Amino acid sequence: MVYDSLENQVEHSRGKMICAIRNYGMTSEEAIQASQELDELLMKIQSAVPLHLNKRETKLA
């Protein structure tokens, strides 16, 4: 399924970003690039999820 592949890509990208932050700093070009790649993957997942599953219903206590 597409979601599994994207989820694996997200985990890989997240790890890549964390390593870049640890090795080069949060504002390094490597960290920023990895963060942007992760953002793109997350947007793909969000756009692939049907709208009714994307909305969270809030319940009043």
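Buried means under 20% relative accessible area, exposed means over 50%, and partly exposed lies in between, with a 1.4 Å probe and protein chains only. By that scale Ile21 is partly exposed, with a relative accessible area of 28%. This is a predicted model: local features need pLDDT of at least 70, side-chain atom pairs count only at pLDDT 80 or more, and totals for chains, interfaces and linings use all residues. Residues are numbered from 1 along each chain as its sequence is written, and side-chain values use heavy atoms, with hydrogens and water left out.

**Fold and confidence**

- The protein chain has three helices and zero strands. Helices (H or I, at least four residues) and strands (E, at least two) are DSSP runs, numbered from the N terminus.
- Along the sequence the pattern reads α-α-α.
- The protein chain averages a pLDDT of 84, and 74% of the residues score at least 70. Here pLDDT is the predictor's confidence in each residue, from 0 to 100.
- Confidence is highest in H2, at a mean of 93, and lowest in helix H3 (residues 51-54), at 59.
- Of the 61 residues of the protein chain, 16% count as buried.
- Among contacts in the protein chain with a separation of 6 or more, 52% join residues 24 or more positions apart. Contact means heavy atoms within 4.5 Å.

**Nonpolar core**

- The largest nonpolar core has six residues: Leu6, Val10, Met17, Ala34, Leu38 and Leu41. H1 and H2 each supply at least two residues of this core.
- A nonpolar core is a set of buried Ala, Val, Leu, Ile, Met, Phe, Trp, Tyr and Cys residues joined through side-chain atoms within 4.5 Å.
- In soluble globular proteins, nonpolar side chains tend to be buried together.
- Leu6 touches Leu41, Lys44 and Ile45, not counting residues up to four places away in sequence.
- Ser13 sits in helix H1. Ser13 counts as buried, at 4% relative accessibility.
- With residues up to four places away in sequence not counted, Ser13 touches Ala34, Glu37, Leu38 and Leu41.

**Helix H2**

- The 20 residues of H2 should span 28 Å at 1.5 Å a residue, and its end C-alpha atoms are 29 Å apart, which agrees. The expected span of a helix is 1.5 Å times one less than its number of residues.
- The buried residues of H2 are Ala31, Ala34, Leu38 and Leu41. Seen down the axis of H2, these buried residues fall within an arc of 95°, so they line one face of the helix.
- That arc is taken over the directions from the helix axis to the C-beta atoms.
- Glu29, Met43 and Ser47 are exposed on the other side of H2.

**The H1–H2 loop**

- Ser28 lies in the loop between helix H1 (2-24) and helix H2 (29-48). Ser28 is buried, with a relative accessible area of 10%.
- A polar atom of the Ser28 side chain lies 2.9 Å from the backbone oxygen of Gly25.
- The Ser28 side chain also reaches the backbone nitrogen of Ala31, at 3.1 Å.
- A polar contact is a pair of N or O atoms within 3.5 Å; within protein, one must be able to donate a hydrogen and the other to accept it, and residues adjacent in sequence count only if both atoms are side-chain atoms.
- Gly25 is placed in the loop between H1 and H2. Gly25 is partly exposed, with a relative accessible area of 24%.
- Leaving aside neighbours within four places in sequence, Gly25 is in contact with Ala20 and Ala31.

- Ile21 is found in helix H1. Leaving aside neighbours within four places in sequence, Ile21 is in contact with Met26 and Ala31.
- Ile21 and Ala31 are 10 residues apart in sequence and 5.4 Å apart in space, C-alpha to C-alpha.
- Cys19 is found in helix H1. Cys19 counts as partly exposed, at 42% relative accessibility.
- The C-alpha atoms of Cys19 and Glu30 are separated by 9.4 Å, with the two residues 11 apart along the chain.
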